[in-house]
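Me: I am new to this structure and would like to learn how to read it. Could we take helix packing and then the ligand?

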Amino acid sequence: MRKQFIKNIKGLVQVGENLPSAIRGQQMQHLPVLEDAYLALEDNTVVDYGLMSDWPGITDWRDVEVIDATNCYVLPAFIDSHTHAVFAASREEEFVDRIRGLSYEEIAAKGGGILNSARKLNDMPEAELFNAAKKRIEKIIAAGTGALEIKSGYGLSLDGELKMLRVIAQLKAHFPIAIKATFLGAHALPQAFKENRTGYIDLLINELLPQIAKENLAEYIDVFCERNYFTLEEMTRILEAGAKYGLKPKVHVNQFSIMGGVGAAVDQNAVSVDHLEELDDADLAALSNSATVATLLPGCSHFLTIPFGNARKLMDANAILALASDFNPGSSPSYHLMNVLSLACIKMKMTPEEAINALTINAAAALELSETHGKIALGRKSPLVLTKELPSLAYLAYAYTEDHIQRIFI
Ligand code: NIG
Ligand code: FE
């Protein structure tokens with residue numbers, strides 16, 4: 001058994017027994033921190049923690065790794081509840097097109113964007129796709145992410161979507177962190193079905209869903225409900241079909257336009273509604289006191305130069321607010337959740353406490369990992385991060401280009 005004792009911790013963050021599994025409204029302002037603390041782990045399970053002044057001492061020091069965390073913080077690793085981390089190639093040529101004045105939607109209209117990624121993914125052998133994603137996820141873990149959702153949606157064909165989901169299944173088996181898979185066949189209408197929308201949706205429902213269920217390839221189902229992508233009615237039909245196979249909704253809604261997707265997804269018991277750069281009063285009312293998590297993606301807003309989600313309104317409306325990276329080659333080529341933390345504070349005016357809550361407890365809720373992730377408590381094996389020396393916890397968000405991570409415990 002591996003025993004580790006972390007002593008002199010400046011702040012043990014998000015710690016306590018009986019912390020809620022999701023927090024909303026004013027609760028977001030409070031972040032439990034134990035100052036000048038210790039933490040004892042056995043095979044990564046928390047067996048003891050408390051104030052240094054109350055430490056009872058260890059009688060048998062044999063085989064105990066002692067880690068001195070003077071001036072350092074220990075936090076539950078952040079959870080990334082929304083990524084597109086499996087893809088064939090980066091898309092910096094579109095980034096340059098946008099610098100020259102084209103919009104994300106204009107690039108998509110001329111065959112770039114998601115369809116560009118789909119062409120490359122369909123051409124790439126499964127083993128190569130797996131290797132590329134594996135390297136990316138090694139970096140994601142090193143950046144302090146302790147659990148991850150990955151979507152399909154760059155296949156947009158029977159073989160392509162299955163290939164992507166099988167790669168995600170291989171990644172789940174390969175890595176020690178929790179990975180959850182989301183079927184996003186309805187990410188864009190593929191070229192081959194340009195004149196046959198219903199045909200594509202039939203393919204998703206009648207051919208892909210049964211095979212995905214048979215191979216147990218996904219936990220969730222997603223639809224990009226957006227003008228030029230999928231309508232509200234199409235989303236509803238796809239989510240209803242997914243529900244028959246036990247896939248719960250986690251959807252892309254309100255990125256560029258409001259189409260009623262938030263309320264409809266809440267009605268279908270969505271685990272989360274993601275993006276929400278646009279938000280109206282009906283959306284806020286639907287999320288108020290709802291169990292559906294509202295997930296904002298500030299990295300996407302920053303990279304595409306579109307509005308940031310209104311975190312304050314969502315918190316004031318008593319929604320469960322989470323943050324994620326949206327890591328993907330088109331709209332958010334960064335998986336750094338520390339950067340998401342900074343953007344949330346700088347651009348959305350979330351306090352560091354609110355943003356850390358949104359990246360730990362509430363992000364775990366957005367992946368249905370509340371029982372195991374997002375907080376530090378006795379008997380838990382939640383992945384942990386030990387920071388470098390920091391003057392305060394707010395410094396994590398403030399020094400927005402520094403590497404704050406000293407070590408991860410998974
Ligand atoms: O979440 N909005 C839709 N999907 C992705 C972008 C995908 C892409 O551009 O490749 C997103 O931003
Ligand atoms: Fe996304």
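This is a predicted model: local features need pLDDT of at least 70, side-chain atom pairs count only at pLDDT 80 or more; totals for chains, interfaces and linings use all residues.

Me: How do I read the packing of two helices, and at what angle do H5 and H6 pack?

Reply: Start with the angle and the distance between the axes. H5 covers residues 158-174 and H6 covers residues 197-215; their axes lie 11 Å apart, at an angle of about 30°. Angles under 35 degrees count as roughly parallel, so H5 is roughly parallel to H6. The crossing of these two helices is right-handed.

Me: Which residues of H5 and H6 meet?

Reply: From H5 come Leu158, Glu161, Leu162, Leu165 and Arg166, and they meet Leu203, Glu207, Leu208, Gln211, Ile212 and Glu215 of H6. Sorted by class, this contact of H5 with H6 has 6 nonpolar, 1 polar and 4 charged residues.

Me: H5 also packs with H3. What is the angle there?

Reply: It is about 75°, and the axes of H3 (residues 114-123) and H5 are 10 Å apart. The range from 65 to 115 degrees counts as roughly perpendicular, which means that H3 is roughly perpendicular to H5. On the H3 side, Leu121, Asn122 and Asp123 take part, meeting Gly160, Lys163 and Met164 in H5. The classes in the contact of H3 with H5 are 2 nonpolar, 2 polar and 2 charged residues.

Me: What classes of residue make up the contact of H12 with H13?

Reply: Read the residue names on each side, then sort them. Leu337, Val340, Leu341, Ala344 and Cys345 of H12 meet Pro352, Ala355, Ile356 and Leu359 of H13. The contact has 9 nonpolar residues, with no polar and no charged ones.

Me: Turning to the ligand, which residues come nearest to ligand 1?

Reply: Begin with the residues around the ligand, then look at single atom pairs. There are 15 residues around ligand 1, and Tyr104, Tyr154, His187, Gln255 and Ser331 come nearest.

Me: How far are the polar side-chain atoms of His84 and His275 from an oxygen atom of ligand 1?

Reply: For His84 the distance is 3.4 Å, and for His275 it is 2.9 Å. Tyr104 has a side-chain N or O atom 2.4 Å from an oxygen atom of ligand 1.

Notes:
Residues are numbered from 1 along each chain as its sequence is written. Chains are lettered from A and ligands numbered from 1 in the order in which they are written. Side-chain values use heavy atoms; hydrogens and water are left out. Axes are lines fitted to C-alpha atoms, for helices over the stretch in contact, and angles run from 0 to 180 degrees between N-to-C directions. Helices (H or I, at least four residues) and strands (E, at least two) are DSSP runs, numbered from the N terminus. Angles under 35 degrees count as roughly parallel, over 145 as roughly antiparallel, 65 to 115 as roughly perpendicular and the rest as oblique. A crossing is left-handed if the near helix is turned anticlockwise from the far one by less than a right angle, and right-handed if clockwise. Contact means heavy atoms within 4.5 Å. Ala, Val, Leu, Ile, Met, Phe, Trp, Tyr, Cys and Pro count as nonpolar, Asp, Glu, Lys and Arg as charged, and the others, Gly among them, as polar. A residue is near a molecule or strand if one of its heavy atoms lies within 4 Å of it. A polar contact is a pair of N or O atoms within 3.5 Å; within protein, one must be able to donate a hydrogen and the other to accept it, and residues adjacent in sequence count only if both atoms are side-chain atoms.
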